Structure formats: C-alpha cells, structure tokens
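Student: I am new to this structure, so please take me slowly through one part of it. I would like a close look at the salt bridges: what holds each pair, and how open is each partner to the outside?

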Amino acid sequence: MKALLINEYCFVLGMENVLANYMKTYTGRKVDPVNPAAEDILLEDIAHALSLNCRGNGQVTHFYSVAQHCINAAKEAIARGYSDKIVLACLLHDASEAYLT
C-alpha cells in the first residue's frame, strides 16, 4: 500500500518512474538503508534518531528513548569495570535502529 501511494504521488508530479531508494538523515545525508556507505553513517544522525525513538514501540507508561537505554547500558558497563570497547558496544548496540525502524 505504501509503495502504491508513493507511485501515485510520483505519477501526479510527472515522476512515475522515480522511486527514492534512500532516506534523508538529520544531517541531510542520503542513506540507502539496504546498502549503506560507511561515509554516510554519522554518530550525530544515530544519536538524533535514537533520541526520538521510544523503546518498546511506545508501549510504555512514559517516554523512554532508545538513546537513553543505550546510555544506561554504557553506564552499567562502566560501573562493572568493563573495558572501553564494551562500553562503546553498549552505546552502539541499537545503532542500526536509526536506519532500519
């Protein structure tokens, strides 16, 4: 249904053969989520998107962002004395959700 609506919109604009295969990020980059280029993945875009995405698909009693969840995981790793590599992994473990949700 979504593709059909996009096709109808493009047809009205005279662009019936044009479908975007990318998403525009907060910083203005055009990223193809199916085939991303490493230079198009920016921490600023990841942080921005995750700060606006609610954990649990919004089925919570108050807003709790994916970014806050990642920060809490990193703080827990620090408190347990884990390495910087593990702390970084905690911060980035949901990074793909910035592009794939």
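Tutor: Let's start with a word for how open a residue is: buried means under 20% relative accessible area, exposed means over 50%, and partly exposed lies in between (1.4 Å probe, protein chains only). This is a predicted model, with local features needing pLDDT of at least 70 and side-chain atom pairs counting only at pLDDT 80 or more, while totals for chains, interfaces and linings use all residues. Residues are numbered from 1 along each chain as its sequence is written, and side-chain values use heavy atoms, leaving out hydrogens and water.

Searching the whole structure gives 3 salt bridges, each a side-chain nitrogen of Lys or Arg within 4 Å of a carboxyl oxygen of Asp or Glu. Side chains of opposite charge can pair when their charged atoms come close.

Take Asp94 and Arg55 to begin with. Their salt bridge has its closest N and O atoms 3.9 Å apart. Find Asp94 in the loop between H4 and helix H5 (97-100), then look for Arg55 in the loop between H2 and H3; the two parts tied together by this pair are 39 residues apart in sequence. (Helices, H or I with at least four residues, and strands, E with at least two, are DSSP runs numbered from the N terminus.) Asp94 has 10% relative accessibility, so Asp94 counts as buried.

Now move to Arg29 and Asp40, where the closest N and O atoms of the salt bridge are 3.6 Å apart. This pair also links distant parts of the chain: Arg29 sits in the loop between strand S1 (23-24) and strand S2 (30-31), Asp40 sits in the loop between S2 and H2, and they are 11 residues apart. Asp40 counts as buried because its relative accessibility is 16%. Arg29, at 32%, counts as partly exposed.

That leaves Arg80 and Glu76, whose side chains meet in a salt bridge at 2.7 Å, N to O. Arg80 reaches 53% relative accessibility, so Arg80 counts as exposed. Glu76 has a relative accessible area of 39%, which means Glu76 is partly exposed.

Here is a way to keep the partners in mind as you turn the model. In the remaining pair, Arg80 is exposed and Glu76 is partly exposed.
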